[in-house]
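Subject: Structure handover

Hello,

Here is the structure for you to look over. Please open it next to this message.

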Amino acid sequence: MDYRKMERLLETFSNQQSDYLQLEPILVDVSKTGVVRFRWELIQPLIRYKLKSVLDEAYSGVKNIPDDDKDLSRQLLERFDRFKEPPFTIQRLCELLVEPKRWYKRRSPLLRGLEKSLLVVSTVEPDLSWMSKEQLVTSDEGKERLMLQQQELTCAENMITNDNTQSDSAFTSVSNKRPMVELSEADSTVTNGFDDIDLQRQHDRSPPTKKHCTDTNEDDSHPSDTASSTTSSPHEAVSNFIKF
């Protein structure tokens, strides 16, 4: 929605249906967001025009309007005129004005709903922040400020990109300079030597083989053969020499 265009239309609003159709998006926006984006003195005539239209439509086709209903319609308009700022129920009020038949099918509940939305004292301030933003963009000082902000943002992004690039390049250079470890023949021999030691330990722990047991038993079972093959004792040698 073009707020500046709507503001110009509000300034020239003349309580005509054709003018209201152009400005109806303003009430629709308030009914959805609850935010009044224009000065109250500009938007108040538009809302009052719609309120009176809804009241008139509620009594359309009624020949004899009760006096109480007439008084209620008048009181609603007078109460609305007392507000110097938007009532804090402005969102609900605009909901009832934009789509009255959506909420109430009969006239009496609609009037009571409008009455409740106007029986308040608290008000809210319009949100005119879009005006300051628009002035910031259109003024020369604002344009320069925006350019500086964009430049600072660009510089910050470039610094971050450069830091990431330098970090990646430094990591790559360190990786390239790292010496390659190669096993020489001596290292291989040492490694094989440790393997041989492990194999020898495993062999020592293994049980004796059948051949080994057989050799041992044979040595123990023939002591006479071993004794006969050895030299006689000294006494036997002297005795044999005397006999000779």
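This is a predicted model: local features need pLDDT of at least 70, side-chain atom pairs count only at pLDDT 80 or more; totals for chains, interfaces and linings use all residues.

**Core**

The largest nonpolar core has 38 residues. Those with the most contacts inside it are Ile26, Leu46, Ile47, Leu51, Ile90, Leu93 and Leu114. Seen by element, two or more residues each come from α1 (3-11), α2 (17-33), α3, α4 (67-81), α5 (90-98), α7 and α8 (129-138). Helix α3 gives the largest share of this core, with nine residues.

Take Leu46 from that list. Setting aside neighbours within four places in sequence, Leu46 is in contact with Leu10, Phe13, Tyr20, Leu23, Ile26 and Leu27. Of these, Ile26 is also among the residues with the most contacts inside the core.

**Aromatic pairs**

How many aromatic pairs does the structure hold? The count is six. Two of them are worth a look.

One is Tyr3 with Phe38, an edge-to-face pair at 6.1 Å centre to centre and 80 degrees between the planes. Tyr3 sits in helix α1 and Phe38 in the loop between α2 and α3, so this pair ties together parts that are 35 residues apart in sequence. Phe38 is buried, at 1% relative accessible area.

The other is Phe13 with Tyr49. Their ring centres are 5.7 Å apart and the planes stand at 75 degrees, so this pair is edge-to-face. Phe13 lies in the loop between α1 and α2, and Tyr49 in helix α3, so the pair ties together parts that are 36 residues apart in sequence. Phe13 counts as buried at 15% relative accessibility. Tyr49 counts as buried at 16%.

There is also a cluster to note. Tyr3, Phe38 and Trp130 form one aromatic cluster.

**Pocket**

The largest pocket has a volume of about 160 Å³. Its lining is Val54, Glu57, Ala58, Pro100, Lys101, Tyr104, Lys105, Arg106, Arg107 and Leu110. By class, that lining has five nonpolar, five charged and no polar residues.

Which helices supply at least two lining residues each? They are α3 (40-58), α6 (100-103) and α7 (107-118). The largest share, three residues, comes from α3.

Best wishes

Methods
Residues are numbered from 1 along each chain as its sequence is written. Side-chain values use heavy atoms; hydrogens and water are left out. On a 1 Å grid over the protein atoms alone, a cavity is a set of points where a 1.4 Å probe fits but cannot get out, and a pocket is an open set with protein on both sides within 12 Å along at least five of seven lines; lining residues have an atom within 4 Å of a point. Grid points are joined across faces, edges and corners, and a volume is the space filled by probe spheres set on the points. Helices (H or I, at least four residues) and strands (E, at least two) are DSSP runs, numbered from the N terminus. Ala, Val, Leu, Ile, Met, Phe, Trp, Tyr, Cys and Pro count as nonpolar, Asp, Glu, Lys and Arg as charged, and the others, Gly among them, as polar. A nonpolar core is a set of buried Ala, Val, Leu, Ile, Met, Phe, Trp, Tyr and Cys residues joined through side-chain atoms within 4.5 Å. Buried means under 20% relative accessible area, exposed over 50%, partly exposed in between (1.4 Å probe, protein chains only). Contact means heavy atoms within 4.5 Å. Rings of Phe, Tyr and Trp (its six-membered ring) pair if their centres lie within 6.5 Å; planes under 30 degrees apart count as stacked, over 60 as edge-to-face and the rest as tilted.
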